[in-house]
Amino acid sequence: MRKAFHLPAIALGALLSATAMPVLSGMAAAAAATMSGGFDVGPGGFQGNFNPLAATAGLTWLGIYFEPLVSYDEKLQKIVGVLASSYEVSPDQLTYTFKLADAKWHDGKAFTARDVKFTIDLAANSKTGSVFAARFKLLSSVETPDDHTLVVKLSAPSASLLDTLAKIMVLPEHALAAVPADQLAKSTWWSTSPIGTGPFKFVKYVQDQYVELTANPDYRGGKPVLDRLINRYFANPAAAISALRAGEIQFTYVDSNDVPTFKGDKSFQVIEGDSFVVNYLGFNQDSPLWKDLRVRQAVMHAINRDAIIKSLYGGAAKPANCAYVANQLVPDGIEVYPYDPAKAKQLLEEAGWDKINGDKPITLLTYYNTPLATNVLAAVQAMLAQVGINVVPRAVDAPTYNGIVLNPNADISQFQLVYAGLQNGPDPSNINTGLNEKQIPPAGANVVRARIPDLTKALDAAIAETDAGKRDQHYQDVCKAMNKDLPWATMWVANRYGVVSSKVKDFVWTPAPGGGPYIARPEAWKLAN
């Protein structure tokens, strides 16, 4: 069960080490209440990205100074209003009417419905570099009857609209309207002078070191308890853990194999929950290596997922045979692809693997760079080698990975195979962007270039279904198509963990996919002695 922790209240200030951030002197240092963390460490973070329109992760941090129209509650169970004080959906699910909160931008200007329309227009425009553009194909119009009312109309029902709007941070029209759409992604505004409506305001970014925010005294929910929030950057998760133990930061993501060192230590609180992310080996469908289904089946049979889950994840994961592991989304009778290296070799022989590729090295690209991921890929590499498939893992940072796989003119040789993760919840439609043939880059994030008619048909039907009771059946059809045609070799859905200092009170962190969004209430976070 997912857990979101609230720790009862007290207050204090804690400063980062002098080598990592500016030093306050005298009375100012004593009075300042500053919390620091590795908020962009791990797969939920996106270190170095300041542009919410390009955010495939990192929403935990971005959501502290920007805000979306709606968001998930902290348990990721329902959509609630943020900049929308309320919303209504028409019976035909074609019209969404939002009443907006009274809010101000960090520069003091009033937030209005025009800002939301401006943001949705940017998000729907692929020229801006938006990763959401393909999700707005059904958008008919966005209307602003008055400053506090927004009306979104669709040409056909879409069960995923609210989930999409939850991921889009609202941007200020008055600050960005003059920037041409095709220059927006490269603008320095994001990392030098961004303004949002959130409880904290951007102060500065020191390259590759930290981002500093300060409390917004005019926040509609009241001035935050903390004076400052610092997001420290780290070369790797191990460095972040060392900083946590040294008291330089008060929070960071950790891998499951790091958890035992913190459990039982009263100085820290371990936060655990479902990741809602399915990890997979993605077959680049544009590569001739994977055209024969038998080769893809062989990869599934060659990997001992149960052994990896037990020995490397400590049992904190569930094997996946499609994008889903939730009972209501997985139909009975699908193939479970048991570990069977003999069968894998037989399938490869039948497919003529020696002529297709033989023992030539195959690049296995990933953005996962934690020690756990390194060990997982080493195990996968060894298991595939036993059946005659020679993969060579290559780990890069998230921006480099995105630059390679989202390039519409991508070099196939750089990512014939990927090890990645994609949200399979809280809304199951999230996998649509990674598997629907209409979402092949630059339209979307179908990085494996999957072109499977049955899968696309099932995804389209699920998203268009207006009856929530029937929607699960459509997602079972999605699962069947994935399980049969294998655009991915699905691996597992693992738990995720964060560790927070016991000095932090009223702290909310949920191990959400992509870091969120969810209601974290950073304005209430406190520090104690």
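User: So which domains is the chain divided into?
Analyst: Domain 1 covers 34-250 + 503-527, and domain 2 covers 274-495. Keep in mind that this is a predicted model.

User: Noted. What separates the centres of domain 1 and domain 2?
Analyst: Taken over C-alpha atoms, the centres of domain 1 and domain 2 are 29 Å apart.

User: And how many residues are in contact between domain 1 and domain 2?
Analyst: On the domain 1 side there are 19 residues, in contact with 26 residues of domain 2. The area buried between the two domains comes to about 1,900 Å², and carbon and sulfur atoms give 59% of that.

User: Which residues in domain 1 lose the most area to domain 2?
Analyst: Those are Ala-134, Ala-159 and Pro-513. Together they make up 26% of what the domain 1 side buries.

User: How many salt bridges across that interface?
Analyst: Zero by the rule used here, between domain 1 and domain 2.

User: Let's switch to Ser-160. Where is the place of Ser-160?
Analyst: Ser-160 lies in the loop between strand 7 (149-154) and helix 4 (161-167).

User: Is Ser-160 buried or exposed, and why?
Analyst: Ser-160 counts as buried, because its relative accessibility is 11% and the cut-off for buried is under 20%.

User: What does Ser-160 touch?
Analyst: Leaving out residues up to four places away in sequence, Ser-160 touches Asp-427, Ser-429 and Ile-463.

User: In which sense do strand 9 and strand 10 pair?
Analyst: Strand 9 (residues 210-215) runs antiparallel to strand 10 (residues 228-232), with five bridges between them. As one reference point, Val-211 sits opposite Asn-231 in strand 10.

User: Last one: how many residues of helix 8 are buried?
Analyst: Eight of the ten residues in helix 8 (residues 293-302) are buried, so to speak a mostly covered helix. The buried ones are Val-295, Arg-296, Gln-297, Ala-298, Val-299, Met-300, His-301 and Ala-302.

Key
Residues numbered from 1 in each chain as written. Predicted model: local features only at pLDDT ≥ 70, side-chain atom pairs only at ≥ 80, totals over all residues. Heavy atoms only, no water. Pairing = 2+ DSSP bridges. Helix = DSSP H or I, 4+ residues; strand = E, 2+ residues; numbered from the N terminus. Buried < 20%, exposed > 50% of the residue type's maximum accessible area, 1.4 Å probe, protein only. Domains from an automatic or database assignment. Contact = heavy atoms within 4.5 Å. Buried area = accessible area lost by both parts, 1.4 Å probe. Salt bridge = Lys/Arg side-chain N within 4 Å of Asp/Glu carboxyl O.
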